[in-house]
Amino acid sequence: MDDPNHPYVMTLKPGRYVWCACGRSQKQPFCDGSHSSTNMRPMFVEITEEKQVAWCGCKTSGNKPFCDGSHKKLAA
Ligand code: FES
């Protein structure tokens with residue numbers, strides 16, 4: 001499995017996205033339902049226009065679900 005402690009930068013079409021908050025999803029950065037055995041829940045995000053976003057992969061961002069650079073403070 002690749003290191004999840006980085007942002008997932010992608011260009012998105014308008015729509016509803018479900019960001020994985022628990023870190024267990026195998027479809028990062030999106031939810032695959034793996035949180036079901038935890039008390040965590042995914043975050044629903046409405047994207048209204050096509051744009052590039054940087055989803056947080058490390059799950060420690062202060063601006064969830066988007067990367068704020070906090071992953072740089074984590075040990076490699
Ligand atoms: S991936 Fe950058 S803050 Fe989490």
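## A predicted model, from its surface to its core

K27 counts as exposed, because its relative accessibility is 56%, and the model in which this value was computed is a predicted one. The residue sits in the loop that runs between β2 (15-19) and β3 (43-47). Its C-alpha atom is separated by 17 Å from that of K64, a residue 37 places away along the chain.

**The core.** The largest nonpolar core consists of eleven residues, namely Y8, L12, Y17, W19, A21, V45, I47, V53, W55, C56 and C58. At least two residues of this core come from each of the strands β1 (8-12), β2, β3 and β4.

**Aromatic pairs.** The structure contains four aromatic pairs. W55 is buried, because its relative accessible area is 0%, whereas F30, with a relative accessible area of 22%, is partly exposed. Ring pairs also join Y17, F30, W55 and F66 into a cluster.

**The salt bridge.** A search of the whole structure finds one salt bridge. It is formed by E50 and K13, whose closest N and O atoms are 3.2 Å apart. E50 lies in the loop between β3 and β4 and K13 in the loop between β1 and β2, so the pair ties together parts of the chain that are 37 residues apart in sequence. With a relative accessible area of 48%, E50 is partly exposed, while K13 counts as exposed at 54%.

Leaving aside residues up to four places away in sequence, S70 touches T60, S61 and G62.

The table gathers the relative accessible areas of residues discussed above.

| Residue | Relative accessible area | Class |
|---|---|---|
| K27 | 56% | exposed |
| K13 | 54% | exposed |
| E50 | 48% | partly exposed |
| F30 | 22% | partly exposed |
| W55 | 0% | buried |

How values were computed
Residues are numbered from 1 along each chain as its sequence is written. This is a predicted model: local features need pLDDT of at least 70, side-chain atom pairs count only at pLDDT 80 or more; totals for chains, interfaces and linings use all residues. Side-chain values use heavy atoms; hydrogens and water are left out. Helices (H or I, at least four residues) and strands (E, at least two) are DSSP runs, numbered from the N terminus. Buried means under 20% relative accessible area, exposed over 50%, partly exposed in between (1.4 Å probe, protein chains only). Contact means heavy atoms within 4.5 Å. A nonpolar core is a set of buried Ala, Val, Leu, Ile, Met, Phe, Trp, Tyr and Cys residues joined through side-chain atoms within 4.5 Å. A salt bridge is a side-chain nitrogen of Lys or Arg within 4 Å of a carboxyl oxygen of Asp or Glu. Rings of Phe, Tyr and Trp (its six-membered ring) pair if their centres lie within 6.5 Å; planes under 30 degrees apart count as stacked, over 60 as edge-to-face and the rest as tilted.
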